[in-house]
Amino acid sequence: MSCARKSGSEVGVWRGRIRRWRVGLFRLGVLVAAMWAVRAAPVGGGRDAGGLLEKVSAVWPEVRAMGGEREGMFELLGEDGAGLGWVATTFPEAEGIQGYVGPSELWVAFDLDRRVRHVGLVASEDTAGHLRMVEGDAGFWRQWVGRGEMALGISDGPVVVSGATLTSEAMARGVAARFGAEGMESWFSARLGVGAVARWFPGMEVALEEEGRGIYQVMSGGRRVGRVLRSSGMGVSARGFQGVSDVVVVMDADGEVVSGVGLLDSRDNQPYWGDVVEELKYADGFAGKRVEEILAEEDASGFLLVSGASMTAGAVIESVREMLRRDRMAEAEGGVDWEVGVALAWVAAGCLFGLRGKGGKRGRWGFAVVSVAAGLWFGWMVGQDQVLGWARHGMDWSAVFPLLAMTGVALVVPAMTGKNVYCSRICPHGAAQVLAGSFMKRRFALRGRWHRVMERVPWASLLAIWALALLGSGLPLSDAEPFEVWSVGFQAWLPVAILTVGLVAAVFLPQGYCHYGCPTGALLKFLTHSPGRLTRRDFVAVGLVVLAWGFVFFG
Ligand code: SF4
């Protein structure tokens, strides 16, 4: 009897779970349909000749008008109608080149000799904070000035802006793509072929099997005969005189002894990296050395001496040592890049604590310290600008893998379990509010009408942000949340103001920003509410998505 009751209750538990999963999948489907509508919606803003003229004449005051188009460029005219030069924009060639969350379009103005006079920004779909960092970096914009049109298509290692590398690098690649460079969607996009490593395995027919990001096993006759590390795949990008290089390290089957080092490609100046390639071919100082020996060497310059190209050679040495170091660390940690490993461990631990709800007040406080530290270190947060950027432009999976994993956890776990583990444990901004709240014993709460009005604010801002994205407003949507401050610092006043007000409020009003301001929190609330049961909110959400699709088709 008790056995039958037990199996009956188990069936009930499973029925409940399946109901929850079905509703969770339905809600995720609604979210995906909304993202797809944003992707399909017509892009607003973009190129308009008037706007472009305004931007050019702001830095080149003699320009008063734009003439006709020739060879993809518009003529720039002075007051008397005389030609002063030309202007080109980087779209559509740069349209597929992603920065942090989206592409950027630049304009390039030439004088009559087709030498670059000014470069500026037409429009960008990247995050506002990264964009501001790039806009404020004069050296970045000056790098093209004086160069001839033909030289722009040579992507020989651009100046990038530290802290906004993805955004600035994408812009520079966009300029190169517009003027003829190929393969700019990724610096080193070519697959690693057997031909690149065959010389270290003479007389063998070898094949490459990818073991991890940028790590390969070399197989021959069904057995492993070597290992290969590739810098671009491992995210190692030591910079030489002008740019980064794509380096491979070939090792024996056990990964103990280096067979040799090769330079696949480079954004450094050609004469320099050409010399390094030659040197590696005939006098590879790494060949035959044990990995430990290379890592232990204090003065590593002796491994690769190339007179006249010491910076390029130094970058190759640095890349080799960094790859070996990471490989060693990954082996020790079970094959995962340590930074990615730490990030994933943090997210996984937050997920576990959030699901189990264990640890009490102290545990929550302790994990809040971890999440704030991780937020400051990695700068990763799930925000609407990022979700909408991915919806609009897709993403570079390898570049944003840990952030993608975190977003997956933030969205999928609440939908499937009904527990909002991201807000309760992982979100660094939520954690910072927990810590801020621990300063004061006496706490306040909004009551009655104030509470009822204020709790609608996150939903209203969520709707407004998505509507603006759908309309292609071009407004910096990241300004509507405080999260970008965690990754790019104090770049824009609005996110800084929201962050400051939210943290100060949290001292008196527990999780004030979470309850009364956060649109991302509202989205996660939608995924979590009434697990296993469809409610009015679900029908409203479906109605809004239908409206969005109506706008896409008929708007
Ligand atoms: S509500 Fe917003 S700020 Fe608060 S924890 Fe959730 S995502 Fe973070």
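Which residues of helix 15 are buried? Let's start there. They are Pro-428, His-429, Gly-430, Ala-431, Ala-432, Gln-433, Val-434, Ala-436 and Gly-437. By buried I mean that 20 or more other C-beta atoms, placed from the backbone, lie within 10 Å of the residue's own; 12 or fewer makes a residue exposed, and anything in between is partly exposed.

Quick housekeeping, folks. What you're looking at is a predicted model, where local features need pLDDT of at least 70 and side-chain atom pairs count only at pLDDT 80 or more, while totals for chains, interfaces and linings use all residues. Residues are numbered from 1 along each chain as its sequence is written.

Okay, the overall view. The chain has 22 helices and 10 strands; those are DSSP runs numbered from the N terminus, with helices being H or I of at least four residues and strands being E of at least two. There are 555 residues in the chain, and 41% of them count as buried.

Back to helix 15. Nine of its 10 residues are buried, so the helix is largely enclosed by the rest of the structure. What do those buried residues pack against? The partners are helix 11 (360-378), helix 14 (421-426), helix 18 (484-488), helix 19 (493-508) and helix 20. A contact here means two C-beta atoms, placed from the backbone, within 7 Å.

Now the ligand. The residues around it are Cys-423, Cys-427, His-429, Gly-430, Tyr-513, Cys-514, Cys-518, Thr-520 and Gly-521, each with its C-beta atom, placed from the backbone, within 6 Å of the ligand. Helix 15 (428-437), helix 20 (512-516) and helix 21 (519-528) each give two or more residues to that shell.

Five of them make an open, antiparallel sheet in the order 6-7-8-9-10, where pairing takes at least two DSSP bridges between two strands. Strand 6 (207-212) and strand 10 (258-266) are the edges, each pairing on one side only. Inside the sheet, four bridges join strand 8 (residues 223-230) to strand 9 (residues 245-251), and Leu-229 sits opposite Val-249 in strand 9.

One last stop: Leu-112, in the loop between strand 4 (104-111) and strand 5 (116-124). Why is Leu-112 counted as exposed? Because it has 12 C-beta neighbours inside 10 Å. Leu-112 still touches Gly-83 and Gly-85, leaving out residues up to four places away in sequence. Gly-85 is 27 residues from Leu-112 in sequence, yet their C-alpha atoms are 4.5 Å apart.
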